[in-house]
Amino acid sequence: MMKRDECFRILARHITDEAVVATYSSAVDWVEINPRPLNYLSIGAMGLDSSHGLGLALGRPDRRVVVLQGDGSLLMNLGSLVTIAAAAPKNLVHFVAHNDTYEANGGHPIPNPAVDFANIARAAGYAATYDFSDLRMFEQQVAHVLEQQGPVFATLHVEPSKPLNYDYPALYDPEKRKAFKAAWRPG
Amino acid sequence: MEAPAASRAEAGRGELSGGGIIAAIKASGIQYVLSVPDITTSAGLLAPIAHDKDFRLVRVCKEDECIGIAAGLAYSDRRALILIQHTGFLDSINAIRGVAVEYKLPICMMVGLLQHDPDKTPRQSSRYGVRIVEPILDDMGIAHHFISVDADVGQIKPAIEEAYAESHPVAFLIGRSPKQS
């Protein structure tokens, strides 16, 4: 079992000009590790992370989009796996942090922690899928994962993290949305 | 803005051309159509749009996905129209609340009113689900336009242009099945 923040520290070494879509616990960890204008944090409704990512990927096929979604969030929008597979954006890499819990909502378990997201994504039609439980393996493979022609899906099996400070007003600051737009819109 | 019932009933004897609506959508710079099929707009809008090379149609599994996808496209300076049924609109209220209203994004929705009597305004509908659509839009502060006859189609392009210029959502309520061109 890995820790989410450790995975994100490794991932951050490989991030350059990608849009990174992150929400809730993933966003808290990611922003602490890698604050940057190209972080897309204002999702508006739980579960829509993957759909926002698809829109960004379709809108800028010349740029790569990385989605950092939680397991509870993806469960609210499982159909998006089918939509994304059908739309087939080559530039979308979709991670799910699978910690078995609704961490931002009190740590209650998701309905079935044994759910196999990577298999669901594969069956939905993603071009490549991965499943990581070992940090060293993730570190060895992450560059390869990011280089694959998408849509790419990867489950990160992680422990529930230490208590986080959910500063939503800061995460959803309108100035962050303005900064993202300025950094992302076509030149 | 709601037309008086008498004039709306008169207009209800008119027709609505799918080709006219599609021309207005194209003139508005819409490149992406995001949709779950809706029986009111199925033959007259979605079917021809699916075969129209000027559009990229993204078929989604559930209507609220459209709200996120349209937001991502808007940040990328790409214009999208969401084509759904009023039941899907109702199901997507929280996404519309967060993304379209609170984040003030140009989310453009074309909403088919299932089983609506085109001789009536949406507020006069015998269908509860149709009757509550306009009051919900009003409460959320979302601009909306009732499109039931060809004379209404002229509202589409300026409303979409305004939505993108001022970054706010807009809804078009389709009151009768558009005819296939």
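Of the 187 residues in chain A, 48% count as buried, a residue being buried if 20 or more other C-beta atoms, placed from the backbone, lie within 10 Å of its own. The model is a predicted one, in which local features need pLDDT of at least 70, side-chain atom pairs count only at pLDDT 80 or more, and totals for chains, interfaces and linings use all residues. Residues are numbered from 1 along each chain as its sequence is written, while chains are lettered from A and ligands numbered from 1 in the order in which they are written.

Chain A has nine helices and nine strands, taken as DSSP runs (helices H or I, at least four residues; strands E, at least two) numbered from the N terminus. The radius of gyration of chain A, 15 Å, is close to the 16 Å of the globule rule for 187 residues, so chain A is as compact as a globular protein of that length; the radius is taken over C-alpha atoms, and the rule is 2.2 Å times the number of residues to the power 0.38.

Turning to chain B, an open sheet of six strands runs in the order S2-S1-S3-S4-S6-S5 with parallel pairing, where two strands pair if DSSP finds at least two bridges between them. S2 and S5 (143-147) of chain B are the edge strands. Within chain B, S4 (108-112) and S6 (170-174) pair over five bridges, and B:Leu173 is the bridge partner of B:Val111.

Where the chains meet, 25 residues of chain B are in contact with 26 residues of chain A (C-beta atoms, placed from the backbone, within 7 Å). H4(B) gives the largest share of the chain B side, 10 residues.

Technical notes:
Two residues are in contact if their C-beta atoms, placed from the backbone, lie within 7 Å. A residue is buried if 20 or more other C-beta atoms lie within 10 Å of its own, exposed if 12 or fewer, and partly exposed in between; C-beta atoms are placed from the backbone.
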